[in-house]
Amino acid sequence: MILRLLSALAALVLVPTLARAQKEDTRLRVFLDCQNTQCDRNFFITDLPFVLFTQDRLDADVHLLITRIGTAAGGGEYTVSFVGQKRFAARIDTLVTFLPPNTSEDMRRREQARVAKIGLAPFAMRLPNANRFSIRYDAPKDAPAAPRMTTLKDPWNFWVYRLRLNGSGSAESRNSNYEVNANVNASRITEDWKITANARNEYRANRFQLSSGADRRFVLRSADANTRVVKTVTDHWSVGSNLSTGYSEFRNTQASVAADLSAEYNFYHWREATSRQLLAVFSVGHRYFDYYQPTIFGVTAENRPVARVILATESRQTWGNIDGSIRYTRFLHNNNTYSISANGRTNIRLTRGLSLELRGDAAKVNDQLFLARGSLSDDEVLTRQRALATSFRLSGSVGISFTFGSIYNTIVNPRLDELNGGG
């Protein structure tokens, strides 16, 4: 009798508690997918309280996909896609926002979250608690609306300049190294024209102390300058020219000049560049080389015509991303001097929580005109002071990741995370 009373009492206490615990969360379920850009997931969780972020896309009502492509000024164009799933399977939307160069991490994440809120609101309005939403517009001060781009008077005429100087180094008792790099870049990019110019200089030095106590020092220098002009012909066609010069001790080249004329066709409209591209490029040009040492072909200088064909693709979708290219280059003075390379990278979501990551690069090399005659010393080989003769290059990687467990745990708790980065 007593046991029955206790069981009945427990049922009265536990049943309402379990009912409340099992009550379905009415927030909008969203899978956050940031490809080729950074997203602060913890910030999204705290800044979008009407959203329940899931760990797997198959559990979400909306697949929130954010991709980025660089802008002419050095900033970023962010495409935010809202792909409805389950009850919203027929609804898809896309918003675009721009961030200027040198944007702080906090500014970037706030702008991403702002656009996400706008795009997710129509989905959330179809769920309970829709009455909690409202719209606010911050009108520009002393202006009825934002000015049209065509009415802007730019004192720089759309030119953007960048200067960069950086150095790095490290030292131990028997080893030290340092590197200095300088870069100058200027660009003017509009819908019709793209003009870029850049110059780079690099200096690397390494010191080793041998077991005998002797010091060995190695220095490697290189520099190059390049200018490119591209004209938009149609929504798919572009033509351009390229001129570059430089020198490289690693490639036995004390002076080089390259000039090319190119044509490019994008099978997709360029407005879709943030999500997908399929390119075919053809170029013809000329190369001049002046070498430090006579090459394996017995020359100290040469002029060579060259042609190149490139097929490249890139796609960033809800199922993952993939990009790859095939490049064929031939020096026209000799049919045997050519190279062909292929590379590809992909991250595919196979099923719930399971992703496959693949990367591969392969090249057939038969165009190393710059190789110096004679053998290299062991020091030059070990310290990579000179390029080595090769007939191929290969590299690759494969990875698989599997996430399982709670699909709703989006609690933010960064306490003592700094210990993970300690030495």
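Analyst: Here is a run through the labels, each set against its cut-off. This is a predicted model, so local features need pLDDT of at least 70 and side-chain atom pairs count only at pLDDT 80 or more, while totals for chains, interfaces and linings use all residues. Residues are numbered from 1 along each chain as its sequence is written, and side-chain values use heavy atoms, with hydrogens and water left out.

User: What makes up the secondary structure of the protein chain?

Analyst: There are four helices and 17 strands. Both are DSSP runs numbered from the N terminus: helices are H or I with at least four residues, strands are E with at least two.

User: How do you know that S12 and S13 pair?

Analyst: Two strands pair if DSSP finds at least two bridges between them. Strand S12 (residues 276-291) and strand S13 (residues 301-317) are joined by 15 bridges and run antiparallel, so by that rule they pair. One example is Phe289, whose bridge partner in S13 is Glu302.

User: Which strands make up the open sheet, and in what order?

Analyst: The order is S6-S7-S8-S9-S10-S11-S12-S13-S14-S15-S16-S17, twelve strands with antiparallel pairing. Strand S6 (159-172) and strand S17 (392-402) are the edge strands, as each pairs on one side only. From one strand to the next, the twist averages 10°; the axes behind such angles are lines fitted to C-alpha atoms (for helices over the stretch in contact), and angles run from 0 to 180 degrees between N-to-C directions.

User: What joins S9 to its partners S8 and S10?

Analyst: Strand S8 (residues 193-209) pairs with strand S9 (residues 215-232) in the antiparallel sense over 17 bridges, with Arg207 opposite Arg217 in S9. S8 and S9 form a hairpin with five residues between them, and Gly213 in the turn has a positive phi of about 95°. Eleven bridges then join S9 to strand S10 (residues 237-248), again antiparallel, and Arg228 stands opposite Asn242 in S10. That hairpin runs through four residues.

User: Why is Cys34 with Cys39 called a disulfide, and why left-handed?

Analyst: A disulfide is a pair of cysteine sulfur atoms within 2.5 Å. Cys34 and Cys39 have an S to S distance of 1.9 Å, so the label holds. The torsion about their S-S bond is about -95°, so the disulfide is left-handed. The structure holds one disulfide.

User: Are those cysteines buried or partly exposed?

Analyst: Buried means under 20% relative accessible area, exposed over 50%, and partly exposed in between (1.4 Å probe, protein chains only). Cys34 is at 24%, so it counts as partly exposed, and Cys39, at 23%, is partly exposed too.

User: What about Tyr265 and Phe267?

Analyst: Their ring centres are 4.9 Å apart and the planes stand at 90°, so that pair is edge-to-face. Tyr265, at 23%, is partly exposed, and Phe267, at 47%, is partly exposed as well.

User: How many aromatic pairs turn up in the whole structure?

Analyst: The search finds ten. Ring pairs also link Trp156, Trp159 and Tyr161 into a cluster.

Notes:
Rings of Phe, Tyr and Trp (its six-membered ring) pair if their centres lie within 6.5 Å; planes under 30 degrees apart count as stacked, over 60 as edge-to-face and the rest as tilted.
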